[in-house]
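Biologist: I would like to go through this model with you and ask, for each label that is attached to a residue, what stands behind it. Could you show it to me before we start?

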Amino acid sequence: MTTLSVIKADVGSLPGHVKAPNKLINEVDRVLEEGKDENKITDYYIGRCGDDIDLIMTHDKGKNDSDVHELAWNSFEEATEKAKELGLYGAGQDLLSDAFSGNVRGLGPGSAEMEFDERESEPFLTFLCDKTSPSAFNLPLFKMFGDPSNTAGLVLDPSLHEGFKFTVQDFYEGKKADLACPEEMYDLLALIGISSKFAIEEVKKKDGEPAASVSTEKLNLIAGEYVGKDDPVAVVRCQSGYPAVGEALEAFSFPHLVPGWMRGSHNGPLMPVSEEEATPTRFDGPPRVVALGFQLNDGKLVGPRDLFDDPSFDETRKKAKKAADYMRRHGPFQPHLLGEDDLEYTTLPDVQDKLKDRFE
Ligand SMILES: O=P(O)(O)OC[C@H]1O[C@](O)(COP(=O)(O)O)[C@@H](O)[C@@H]1O
Ligand SMILES: [Mg+2]
């Protein structure tokens, strides 16, 4: 069996929250290379989206393996030291604990993992986001795995025709439910449309084979205060029984509104960009998503191909820029400003606290 572990964290960037510089990537690279030499992991690629560093790792140790998670944690710690040395902004921001214990879950970094027997040919995609929340994947994952107007294979290909199972997480209650699509599509949509409360955590085939996995850690809920956005990652298997690469990418052709952007407090369009252009600038955004495509070959990573680095996504980017203009015109008003539930873990309640006594 091969395990795919994508573990990410923001441990410092420049200037402000724009981009994790190469000097941090070099630190992470050194630690992962050592881990590879010591057979802790089989292979790795270091991706980047804005101020977030995304470790795409393969191994045979299963999900939540403490050696693999510790390796990721150590690499982020080394990068934090470098960030401090360079005086970068937000050095060590997502390392919410002083020490590693067992697994990165609950300690700050986000992780999306899946374990499977490699098919004869195993294409998969990783989607890396900045300035948004895990629920940003609700709409595109529904489109990929549940919507025949996006994924033609759901209608045309007998190996997809059965549909998929979605695991939905209520991130305030910490509980999960499995819903089958197409049978329970309306129930599924009744939940995942509420992006302030529910996030898709996994998608599986009806026989339980993994299809997609999302990092659903909510940093603010872990820390109990605003400590930056969760900036999630997702892994999606493609072809032969799964959405084709182009069907998975098509789900991002509409720049839908997602929570995040400036101060994690605004709705804005999710803009698909190349790794090179994953540098959120305007109003710290708009929120970005990068798509890296790989083939797995006996646990080794072949690739990546930077998939949104393509003119067919120019119109989406244009639309995102128009939507960004339109949303910005609302200034501090909703619906540009997030709904009340989402704002609870931002810095706004501190301001509102001061005004409590003014109400009679
Ligand atoms: O100035 P501070 O305290 O870092 O907080 C504001 C910053 O937080 C952010 O929301 C952080 O974004 P990230 O989650 O990508 O780190 C930025 O938009 C904003 O500049
Ligand atoms: Mg970020």
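Biologist: Why is Asn-39 called exposed?

Modeller: In this predicted model, Asn-39 has 11 C-beta neighbours inside 10 Å, and since a residue is called exposed if the count is 12 or fewer, Asn-39 counts as exposed. Asn-39 is found in the loop between α1 (22–37) and β2.

Biologist: Where is Arg-263 found, and why is Arg-263 called partly exposed?

Modeller: The place of Arg-263 is in the loop between β11 (257–260) and β12 (266–269). Arg-263 has 18 C-beta neighbours inside 10 Å, and because exposed requires 12 or fewer and buried requires 20 or more, Arg-263 falls in between and counts as partly exposed. Leaving aside its neighbours within four places in sequence, Arg-263 is in contact with Thr-346 and Thr-347.

Biologist: Is Asp-284 buried or exposed, and how do you know?

Modeller: Asp-284 has 22 C-beta neighbours inside 10 Å, and because the label buried needs 20 or more, Asp-284 counts as buried. Asp-284 lies in the loop between β13 and β14, and, if neighbours within four places in sequence are left aside, Asp-284 is in contact with His-17, Lys-131, Trp-261 and Met-262.

Biologist: Which residues does UniProt list for "active site", and why is Asp-10 called buried?

Modeller: The unreviewed UniProt entry lists Asp-10, Tyr-226 and Lys-229 for "active site". Asp-10 has 31 other C-beta atoms within 10 Å, and because 20 or more is what the label requires, Asp-10 is buried. Asp-10 lies in the loop between β1 and α1.

Biologist: How do you know that the length of helix α8 agrees with what a helix should span?

Modeller: Helix α8 (residues 314–328) has 15 residues, which at 1.5 Å a residue should span 21 Å, and because its end C-alpha atoms are 21 Å apart, the two values agree.

Biologist: Which residues of α8 are buried, and why are they said to be on the same side?

Modeller: The buried residues of α8 are Ala-320, Ala-323, Ala-324 and Met-327. They cover an arc of only 105° around the axis, and therefore they are on the same side of α8. These buried residues pack against β12 and β13, whereas the face of α8 turned away from the buried side carries exposed residues, among them Asp-314, Glu-315 and Lys-318.

Biologist: What are the domains of this protein, and how many residues of each are in contact with the other?

Modeller: The domain assignment gives domain 1 (1–115) and domain 2 (118–343), and the C-alpha centres of the two lie 21 Å apart. In domain 1, 32 residues are in contact with 37 residues of domain 2. The side of domain 1 that touches domain 2 has 9 nonpolar, 11 polar and 12 charged residues.

Methods
Residues numbered from 1 in each chain as written. Chains lettered and ligands numbered in written order. Predicted model: local features only at pLDDT ≥ 70, side-chain atom pairs only at ≥ 80, totals over all residues. Domains from an automatic or database assignment. Contact = placed C-beta atoms within 7 Å. Nonpolar A, V, L, I, M, F, W, Y, C, P; charged D, E, K, R; others polar. Helix = DSSP H or I, 4+ residues; strand = E, 2+ residues; numbered from the N terminus. Expected span 1.5 Å × (residues − 1). Arc of directions from axis to C-beta. UniProt positions renumbered as here; feature names shortened; annotations may be inferred.
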